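This briefing is for a reader meeting the structure for the first time. Please look over the sequence and the model before going on to the notes below.

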Amino acid sequence: PILDAGQIHAILEDLLVDFPFRTPANRDNAVGMLLTPVVQPAIAGNIPMHPVVAPLERTGKTKLACDLMGHIFKGVSIAPVQFPPNEEEIEKRILAELLRDGGFVVLDNIRTVVDSPALASLLTSRLFTGRLLGKSLMVTLPNNLIVLGTGNNIITSGEIAKRSIPIHLQPPNDHPEDRVDFKHPDLFEYLASVRSVVLGALLGAVELWIAAGRPPHPNRCRLGGFEEWSDVVGGVLHGVGFTEWRANERNWRRAADPRGEDLKAFVLEWWNRFGMTPMPARDLSWVARELGLFLDCFARASEHAQTQAFVAKALTCNIDRPVEEFVIRRDNYGSSSRYYLDKVT
C-alpha cells in the first residue's frame, strides 16, 4: 500500500483526469465509487447506487462505470445490462445478477424515470427476495451487489434519489465524441499500467484512515440507511484530500425528485399564507396553481378535475408526512375535508 496522502491524492486524481466532471464534488463522488469495492467486505450495512449522468451521449459515462471500474477491479470491462422497462423485469434482472454474483451491476443507458420499489429495496437490504424467472418459486438471496448506472439527465423518484450518490459529467460542447485533448488517449493501456498502483493507493488511503483513529468526514452528515458506508468512505476520502464528496447531493435530489421539491415549496407558501388554519382543498390548489407547482394536476379540462388531481397527488398521499419543519394533517368538516399544517416541535 501507498501511505503518503499527497501521493494517493495525485494518483487518483490522475486516474480520473480525462473525465469532464461538472464540479469537484462529482469527481470526489467518483473517487468514493472507486473506494467502495475496497471497503465493502468490511461493511455490514448497505451500499448506495452511483449513477453516472450526463446531458449528452458519448460523454464518458460507460467508460467510467464499465471500463475504468472493471479494469481496476476485475482486469476487464464490466458488461452493462439494460435497465428494464417495468417493475417485474427489474426484479428478474436483480435476481439474475445476484445469482451471477459478479460483484457489480451497471444499469446502462437508463432512459426512463427510475422509480422502482425493487431497486430501492435492493439498495437498502442485505437480503433480497423475488420470483425466479419462469417459475413460481420465491427465493431469498444475500445482496453483495455494487450498483452503478449510466444515463442522460436521469430522473428518479425521491426514494431512489436518497439512495444514490450522483456523478455528473459535463461535456464542453455538443460534440463530445470529437474530443482529442486526453492526457491518457489509450484508456485501456493506461488502466493496465496503473492498476496495481491505483489499488495500492486505495488500500493505503484506508490504512491511513485506520491509523488516524477512523475519523468521520467533518463536513458531511451520515447518509441515512448507509451510515456505516458513509462513515468509512467519507472519512477515508477526507484523509487524502477529497473534501467535496457528496457536496452536490442537495441539488441532485431537487432535480431528481421535482414533485418532492414542489411539495416543499408549496408547504412553505401554505404556512406563510394560512399558518395552522384548516383550509379546503380548492383554496390550496389555487396556491399551487399560482406558484406553478404540480403542473400535471392542472392540465385537466375542468377546475373540478384539477382540484381532484391536486388532492390525490399533493394532499391525500402526503397526510401525516413531515415536510421541512411541518406535518400535513387532515380533518373532516361535515361532508368535506380541511387540511392544515402542524409545526414540528
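Aspartate 320 sits in the loop between α12 (303–315) and β8 (322–323). The model is a predicted one.

**Aspartate 320**

- Aspartate 320 has a relative accessible area of 47%, so it is partly exposed; the cut-offs are under 20% for buried and over 50% for exposed.
- Neighbours within four places in sequence aside, aspartate 320 is in contact with Val327, Ile328 and Arg329.
- With arginine 329 there is a polar contact from side chain to side chain, at 2.8 Å.
- Serine 136 is 184 residues away from aspartate 320 in sequence, and the two C-alpha atoms are 37 Å apart in space.

**The sheet of β8, β9 and β10**

- Three strands make up an open sheet, ordered β8-β9-β10, with antiparallel pairing.
- β8 and β10 (336–343) are the edge strands, each with a single partner, so one side of each has no neighbour in the sheet.
- β8 and β9 run antiparallel and are joined by two bridges.
- Valine 323 has phenylalanine 326, in β9, as its bridge partner.
- The loop between β8 and β9 (326–333) holds glutamate 324.
- Glutamate 324 is not a glycine, yet its phi is positive, about 55°.
- The relative accessibility of glutamate 324 is 46%, which means that this residue counts as partly exposed.

**Another positive phi**

- Most residues other than glycine have a negative phi.
- Arginine 246, also not a glycine, has a positive phi near 70°.
- Arginine 246 belongs to the loop between α8 (227–239) and α9 (249–256).
- With a relative accessibility of 7%, arginine 246 counts as buried.

**The five-stranded sheet**

- Five strands form an open sheet in the order β2-β3-β6-β1-β7, and their pairing is parallel.
- At the edges stand β2 and β7 (167–168); each has a single partner strand, so one side of each is left without a neighbour in the sheet.
- Strand β1 (residues 50–54) runs parallel to β7, and two bridges join them.
- The bridge partner of valine 53 in β7 is histidine 168.
- Helix α3 (residues 61–73) lies across β1, β3, β6 (146–152) and β7, and runs at about 155° to β6.

**Histidine 168**

- Histidine 168 is part of strand β7.
- Its relative accessible area is 12%, so histidine 168 is buried.
- Beyond its neighbours within four places in sequence, histidine 168 is in contact with Pro20, Phe21, Arg22, Asn26, Val53, Asn248 and Trp252.
- Val53 in that list is also the residue whose bridge partner is histidine 168.

**Helix α4**

- Helix α4 (residues 87–100) has 14 residues, which at 1.5 Å a residue should span 20 Å; the C-alpha atoms at its ends are 20 Å apart, in agreement.
- Near the start of α4, a side-chain oxygen of asparagine 86 comes to within 3.3 Å of the backbone nitrogen of glutamate 88.
- The buried residues of α4 are Ile90, Ile94, Leu95, Glu97 and Leu98.
- These residues cover an arc of only 165° around the axis, so they lie on the same side of α4.
- An α-helix has 3.6 residues a turn, so residues three or four places apart point the same way.
- Glu88 and Leu99, on the other side of α4, are exposed.
- The elements that the buried residues of α4 pack against are β2 (81–82), β3 (104–110), α5 (117–123), β4 (127–131) and β5 (138–142).
- Aspartate 101 follows α4 and has a positive phi, near 55°.

**The pair β4 and β5**

- β4 and β5 run antiparallel, joined by five bridges.
- Leucine 127 has proline 142, in β5, as its bridge partner.
- Side chains alternate along β5: Val139 and Leu141 point to one face and are buried.

Note on methods: Residues are numbered from 1 along each chain as its sequence is written. This is a predicted model: local features need pLDDT of at least 70, side-chain atom pairs count only at pLDDT 80 or more; totals for chains, interfaces and linings use all residues. Side-chain values use heavy atoms; hydrogens and water are left out. Helices (H or I, at least four residues) and strands (E, at least two) are DSSP runs, numbered from the N terminus. The expected span of a helix is 1.5 Å times one less than its number of residues. Buried means under 20% relative accessible area, exposed over 50%, partly exposed in between (1.4 Å probe, protein chains only). The arc is that of the directions from the helix axis to the C-beta atoms. Contact means heavy atoms within 4.5 Å. A polar contact is a pair of N or O atoms within 3.5 Å; within protein, one must be able to donate a hydrogen and the other to accept it, and residues adjacent in sequence count only if both atoms are side-chain atoms. Two strands pair if DSSP finds at least two bridges between them. Axes are lines fitted to C-alpha atoms, for helices over the stretch in contact, and angles run from 0 to 180 degrees between N-to-C directions.
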